[in-house]
Amino acid sequence: MGQKRNNPLDSLDWGDINKKYIDALGEYSAFNPFMSEPKPDVDSLLTDSMDNWWQLLKSGMPNKNKEVLDNMLTQSKNFYLLGEQFSKIMEGMNKFKLKNKKFSSFLNDKFEEIESFLKDNQNNFMENMYFDPYKQSPEAFKKIFSNMNLYDFQENGFKNIVNQSLSSPCFGSNRETQEKIQESIKLWIVYQNNFFEYQKNIAKLNKKSLDLLQIEILSMHKREENISSMKQMYDLWVEISEKVYGKYVLTNKYADLNSRLINSLMAYKKKNNEIKEEVMSSLNLPTNKSLSIIERRQYELRKKNKELSIQLKGLKEELEKLSNKDNSKDSSANETQKKKVLIGKKVSKKVGKKISKKKPSTSAVKPNVKKKASISKVGLLNKKINKS
Amino acid sequence: MIPFKMQADNIIKELNQFNSKIMTGLDTFRELDEITVGISDKESVYEEDNMVLYHFKPRTKKQNSTPLLIVYALVNRPYMADLQEGRSMVQGLLDEGIDVYMIDWGYPCSADQYLTLDDYVNGYIDDCVNFIIDKNKSKKINLLGICQGGCLSLCYTSLHQDKVKNLITTVTPVDFHTKNDILSHMVRKVDIDLVVDTMGNIPGEMLNMTFLSLKPYALLGKKYIDLVDIIDDKDKLMNFLRMEKWIFDSPAQAGEAYRQFIKEFYQQNGLVKGTVNIGGKNIDLTKISIPILNIYATHDHLVPIDSSKALEGCVGSKDYNSLEFPGGHIGIYVSGKAQKMIPPSVGKWLRDRV
C-alpha cells in the first residue's frame, strides 16, 4: 500500500498549542479599553463580559425571576473558573509516552495546581459553590469591619483584636448591659470559630473529591472512555463531590460539627434577643416576650374554648335524647290518662244507674254504706289502671 | 488512550455557546407568564384557623363510596401533588374515580407557635375526618399521607382507627435511625429546645437550606448550570420555575410541633419504639390492623428506602402491601412515570377494598 505520510505536526506538543491559543485569547482581552487592568485568563474574560452585560440588563429584569438568574450566573462563573483550571491539564500532554505511570504522575502535578487554585483564598469559587446562601452574614460583618479580611480568622488575628476591645472598661450604658454585650460578642466569636471550622472541613472535601476525580480519569483512561466537553467534566466533578460529601455527612464528626455550629448560632441569637428585649422594654415598646405570653394565653383559651364547645355539643345531644325520652313518656302518660277518664266515665255511668234504680231509704245509715261500696269499686278500678 | 478529547477551540466554542445561551435566554425569561400551580378544580369546604380542607371536583361519573383524605406534610406546600397538567397525582386519583379531599395547612404565624402535634392530629385532622364523614354520610374514610403527613396519618390511625377504612403512606419515614438517613444524622445532636426557644416558629428558609444541604453540589450548583440548556424552551423553563417556586415556598413550622417532631421522631426514633405521645396517649403502630399500602421511592435522598420499609415490621395489619417507585422523593409525585404508576395502583388497591 502507500507509504505512511509524516504528519508535520507530529513533533509539536498539541496540548501546548491548544493552551497557547487560550492564552492568546486572554491576552487579546488586555486590549479591551473598558477593562482597567489587563487580565490574561479566559475565565475572567468571560466572567467580566457576563458581569458587564448583567449589570446593564439587571434593572430591566422582572423581579420574580431575578433570583433564579442571579443563581444561574453565579454558578456559571464557577463553571468558567473550573473550565480554565481543567483546560490546563492539556498543557504538555503530548510530551510523554502513553504509559500509565507517566500519565498518572503528569495528572498528579496538574491536579496539585488545581488544588492550590481551590485553596487560594483570593478567588470566590467555594463561596459561590457552596456558601453563597450563607455568605450574607460574613458580608454584613465585612461592611462593619471593612479593613478586615474575613480570612484573618485563620490566624486568630480577628479574635485577638476583638478580645482586646472587649477588655476595655466601658462597652454599654450600664454595667449589666456591658456584661450582656460582652457575653453576646463572646458567643458570636464561638459561632464564627465553629463556622470557620465548618468551612475548613468542607474545603477539605474539595481535595478529596479532586483526588477521586483524578482516580476516575485514570480508570476512564483504562476503560478507553472519553471526556469530550467541559460540561461532561463539570458533571463528573459534581457527581464525585456529592459522593464525597454524602459519605462525610454521615460521620459522627460531621454530626458534632453541625450541631455545634447550629447550637452556637442559636445561643448567640438568644443572647441578642435578650438584649433587644431589654432595650425595647426600657423604651416602653412591646417586646417579643410579652407578645409570646399573649399568644400563649390566646392558644390556651382557644383550646379551652374548643373543649367546652365539644362538651356543650355532647350535653346538647344528651339533652335532646332525654327530651325525646320525656316526650315519648308524656305521650304514653297522656294515653294512660285518657284511658283513665274513659274508664272513670264508664264506671260512674254504671254506678249512677245503680244508684238511680234503688228505692230511697228512710235510714240515714244504709245509703252511706252503699255509696262507700260504689266509691271503693271506682277507687279499685283507678288503682288497677294506675298500676297498668 | 488519553481520556480528554477536548481541543482549545472547542472549549472556547462551548463556553461561548454557554454564554450566548444565557444572553438569549433573557428574552425567554421576559416572555414568561405568571407561574400558576394547582390545576384541578377544587372548593374550600371546611376551614379552621389557617387550615383549609379542599374538596376536588370529581372527574368521573361514579366515585368510590369511601372518600379519600390526603394529609400533606407540614413542610412545603401541598400543590406539589397537583402541580400541572400531566404532573398531578390528584388528577390521576380523580380519574380513578376516587373522591378526593386534601388538607392545606396554610402559613403558620407567630400566634401558632404553641400548636402541638396533638392539635394537628386530634384537632385539625380529626375535625376534617368528622366533617367528611358527616358530609358523605359514610362511616369511615380512606387516608393518604405524604411524607411527614404519612407520619401524622399513622398517628391518627393508631388513635382513631374506627374512622379509617384503608391507609396509604407515601415516602413516609418510620424508622428515623437507619444508616443512610442524612437528615436524621444532621439533627441528631442539635439542641432543639434551644432552637425553638430562640426562634419560636422555625422559618421556612432555614428548612429550605437544610434540605438543600443534603445535596449541595447538585441542588445549589449543577441545577443552575443545567438550566442553561433549557433556557430557550419556554415550556421547559416554566416547568423548572414551577418546581423552583414550590421548593422555595416553605411555610414556617409551628414551634412546639417542630420541637416534638424532631425530638420524639428524629432524635428518639419514637415512632418505631412506641414512645411518641400525642394527646396523652402513646402511638402504638401495632394496633393498626386496617389494610395498608406503603409506597416508597428507591432513590429518595430525604427519606431512605429502609426508613419507609420499616413500617411493615411495625404494624399489626394482616393486609399490608408495598409499592416501590423507581425514582426520587419529589419525582414520585411530579414525574410522568409516576402518573402512570401511582394513581392507577392506588385506585385498584382501594377498589379491591371497598
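This is a predicted model: local features need pLDDT of at least 70, side-chain atom pairs count only at pLDDT 80 or more; totals for chains, interfaces and linings use all residues.
As background, side chains of opposite charge can pair when their charged atoms come close.

To see one, select A:Glu239 and A:Lys243, whose side chains meet in a salt bridge at 3.8 Å, N to O. Now show helix H9 of chain A, residues 230-249. The two residues sit four apart in this helix, so about one helical turn separates A:Glu239 from A:Lys243.

Next, turn to the surface and select A:Lys200, A:Lys204, A:Lys208, A:Lys247 and A:Lys253. Together they make up a patch of positive charge. Which helix gives the largest share of the positive patch? Colour helix H8 of chain A, residues 175-223, and you have it: three residues of the patch come from there. For A:Lys253, look instead in helix H10 of chain A, residues 252-282.

Now move to chain B and display its strands. Eight of them form an open sheet with mixed pairing, and you can trace the order E1-E2-E6-E3-E7-E8-E11-E12. At the edges stand E1 (42-48) and E12 (320-325) of chain B; each has a single partner strand, so one side of each is left without a neighbour in the sheet. Ignoring direction, neighbouring strands here are turned by 20° against each other on average.

For a last stop, zoom in on strands E7 (residues 141-146) and E8 (residues 164-170) of chain B, which run parallel and are joined by six bridges. Select B:Ile141 and look across: opposite stands B:Val164 in E8 of chain B.

Methods: Residues are numbered from 1 along each chain as its sequence is written. Chains are lettered from A and ligands numbered from 1 in the order in which they are written. Side-chain values use heavy atoms; hydrogens and water are left out. Patches are made of residues with over 30% relative accessible area and no salt bridge: like charges are joined within 9 Å, nonpolar side chains (Val, Leu, Ile, Met, Phe, Trp, Tyr) within 5 Å. Accessible areas come from the Shrake-Rupley method with a 1.4 Å probe; for residues, only the protein chains shown count as cover. A salt bridge is a side-chain nitrogen of Lys or Arg within 4 Å of a carboxyl oxygen of Asp or Glu. Lys and Arg count as positive and Asp and Glu as negative; His and the chain ends are not counted. The place of a charge is taken as NZ of Lys, CZ of Arg, CG of Asp or CD of Glu. Two strands pair if DSSP finds at least two bridges between them. Axes are lines fitted to C-alpha atoms, for helices over the stretch in contact, and angles run from 0 to 180 degrees between N-to-C directions.
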